[in-house]
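Colleague: Could you show me how to read the meeting of two chains in a model, taking one feature at a time?

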There are 2 protein chains.
Amino acid sequence: MNTADLGLPVDVPSTALFTDHYELTMLQAARANGTAERPCVFEVFTRRLPEGRRYGVVAGTGRVLDAVANFRFDADQLEYLRAHEVVDEDTLAWLADYRFSGDIWGYPEGEVYFPGSPVLRVEGTFAECVLLETVILSILNHDSAIAAAASRMSSAAGGRPLIEMGARRTHELAAVAASRAAWIGGFSTTSDLAAGYRYGIPTTGTSAHAFTLVHDDERAAFEAQVASMGPDTTLLVDTYDVENAVRTAVEVAGPELGAVRIDSGDLLLVAHRVRDQLDALGARNTRIVVTSDLDEYAIASLAAAPVDAYGVGTQLVVGSGHPTCSMVYKLVARARSTEPGAPLEPVAKRSVGGKASVAGRKWAARRRDAAGTAEAEVVGTGEVPDALGADLLLVPLVTKGEVVGREPMSAARDRHKAALEGLPLSATQLSRGEPVIPTEYHLDAKG
Amino acid sequence: MNTADLGLPVDVPSTALFTDHYELTMLQAARANGTAERPCVFEVFTRRLPEGRRYGVVAGTGRVLDAVANFRFDADQLEYLRAHEVVDEDTLAWLADYRFSGDIWGYPEGEVYFPGSPVLRVEGTFAECVLLETVILSILNHDSAIAAAASRMSSAAGGRPLIEMGARRTHELAAVAASRAAWIGGFSTTSDLAAGYRYGIPTTGTSAHAFTLVHDDERAAFEAQVASMGPDTTLLVDTYDVENAVRTAVEVAGPELGAVRIDSGDLLLVAHRVRDQLDALGARNTRIVVTSDLDEYAIASLAAAPVDAYGVGTQLVVGSGHPTCSMVYKLVARARSTEPGAPLEPVAKRSVGGKASVAGRKWAARRRDAAGTAEAEVVGTGEVPDALGADLLLVPLVTKGEVVGREPMSAARDRHKAALEGLPLSATQLSRGEPVIPTEYHLDAKG
């Protein structure tokens, strides 16, 4: 499917140039001596979680599948590569016909991961696999970083709804992907209309300080908003004086006022005061939304406060301190020839400066105790032990070039919730710590 | 100009949905009571620089101009808004005809900024200005964050070329904007083909570890690369053992070998050893490129090392610790009526919780000493003092809806270099500190 056909605001006609220059020069050199056609296995994994984090969240898989399907070089792109002498004519001709024809397996979207988890495994010829490195990493590194932050915030919110409102703090298209990842991680709504349009995420929002300020006074602004949106709207009450604003808000909207929003100050203190004031005014069902530079810690600190919803902007879209995931895409096995049946041999960069990789085509399983709680992430090569056969994590996403792993986003969101519930309780502690389960390697001598 | 017509991989048919839901609900409410047509002034500024940073860098202006020009609601987008009842039919009809018809002034791209600098000023009716908030902030907050990191890295590199190679660490389209911002901030090249295609930035790259590993041995890989790309290529020498690899590299390519790349280990130590070895092998002109998790501090630490170029990935695209800029878009003045000649009145949210703004339509100038070195960022309202008239910073970017501020990216790059040279020397210190010049306010009593 070429999503450009759908006319969506976040589509691109082709993903083929979201690619590092060296992928193409490697392709050209490998084609000249025949290694380009060697069967290969590439894997995506991280060597570590961001410092102190207890689990990672796989997100972006659905976008990866779109990117692979749309990875085609059109005439303009080929002409660009020709004009800039990136590769030779023979390679350009090959690129013109490029379609990924191999297999991709991966952790399903929303699943959690740990250091060494092979979250994606790409199999095919060297030529067809190496080209996909950059765009696959871009998507997984970005989206998984956002989803991990969203997941922690969602745990901290303890069931109260979370509104994603970070579009203005990040690249306008990264924002759309961030809304998607946040929703998978547990957020309820987004402020970003493009995310609503593209992914069907419910959008929300009522007014900003500018709306109050453009009016002659706060009462006029509240009257205009209630006239336009009805009393079940959310009035922003911190433009001038919160206490006065809350009184005016209830006078204007009546006790049926939907919500008030507080966007500054000591939220814990102010929320309590506003709750008391609303109750005293008879607006017992009026909700309180807070939205000022929240992160998972600030959300947690408001657990006992009378807050009904949280709006999160900056810290969501910057991954709450970890805006990328350090996922890498490494060749882990290749055949020594293109003869049918040539065995795959494990390969890895030798450990220098801490950049070690584990060679070999891998499987992964989550070992569980009798109660079903995860005990370890087991990453192995060769045969899968019988005891782990039911707990394998990788699923087929692309088979012989055909995307087979599409699913609704709600499946990823539900899966993430279930995956988190299957971890030890300490997974959702916000304090810094080690990964909540260890990664164990089960390496076959043959790799 | 609708850049979608150019068929570029980073285009979108319309930027109109890169907008928060509440911009549209405010529009609807303000249209109902007439405030939508009040003349308004919105300004973009930051309250502070990221902690320890001495200056900010305006980047993204060129992209803002494209976004404003492409801010048009097409039929599919209007249908989405209708189906989801975001706004009413009357507002939809207004949106269908929306074209920004006001004025935008701003710091020209590449200029430096300080807390309170009015880096963009948007003037028109409330309705037409409020809609642009989200996409303008998305672009400026992202691009300026990257450019600031790039600028510091560029200073640290002291004239040695910097290669931007962070595409895989951020959203695939944010990566393209990041390459652009990095180039403005002083980088020389990018790995990202989409950035080359879209913006004409020179692209570069040769091979990764996977290329060495897919071959039977390192010599075979080097031979393949040199056969394909010629001896003036860059060979990656840290897959197995650096010393062996350097020897093999020179044997294969001869002393005309273009460069070797080191991607792991103690770069300071390894660079010296490799330089000595290359010289001993007669490869005195072979350059050394280093590329392992560099940031501005790591670059600076290699100042005395025999390094010829730096490749920077992760830390560039995440803004070296500050992936966003906290720029805000605030209503600072509005008329009380839509009568012709109605005076603009300054407005501002009252200071609560540190979110104070300075009311009034502002000018800005950089006051300089006799030697031409900046002494202060002067931000004012009302009349400009004669002494500052020659140092005003804002330039017209959009006039009566027409984009007038387009310029080649090289103008922004050159401007940034000149702006930095006009700051006190301590601007480029990497250590944490205060903004290198203070912001002084020159506020007219009338605002």
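Colleague: How many residues of chain B are in contact with chain A?

Modeller: This is a predicted model, and in it 101 residues of chain B are in contact with 101 residues of chain A.

Colleague: Beyond counting residues, how is the size of an interface given?

Modeller: The size of an interface is often given as the accessible area lost when the parts come together. For chain B and chain A the buried area is about 8,400 Å², with carbon and sulfur atoms giving 58% of it. On the side of chain B, Arg168(B), Leu193(B) and Val214(B) supply 10% of the area that this chain buries against chain A, more than any other three residues.

Colleague: How many salt bridges are there between chain B and chain A?

Modeller: The count is 14 salt bridges between the two chains. In one salt bridge, the side chain of Arg168(B) meets that of Glu133(A), at 2.9 Å from N to O.

Colleague: Turning to chain A itself, how many helices and strands are there, and what share of the residues is buried?

Modeller: Chain A has 15 helices and 18 strands, and its C-alpha trace spans about 80 × 55 × 35 Å along the principal axes. Of the 447 residues in chain A, 61% are buried, where buried means under 20% relative accessible area.

Colleague: Which share of the contacts in chain A, counted at a separation of 6 or more, joins residues 24 or more positions apart?

Modeller: Such residues account for 74% of those contacts in chain A. As for its surface, chain A exposes about 15,600 Å², and carbon and sulfur atoms supply 50% of that area.

Note on methods: Residues numbered from 1 in each chain as written. Chains lettered and ligands numbered in written order. Predicted model: local features only at pLDDT ≥ 70, side-chain atom pairs only at ≥ 80, totals over all residues. Heavy atoms only, no water. Helix = DSSP H or I, 4+ residues; strand = E, 2+ residues; numbered from the N terminus. Buried < 20%, exposed > 50% of the residue type's maximum accessible area, 1.4 Å probe, protein only. Contact = heavy atoms within 4.5 Å. Areas by Shrake-Rupley, 256 points an atom, 1.4 Å probe, with all protein chains shown as cover. Buried area = accessible area lost by both parts, 1.4 Å probe. Salt bridge = Lys/Arg side-chain N within 4 Å of Asp/Glu carboxyl O.
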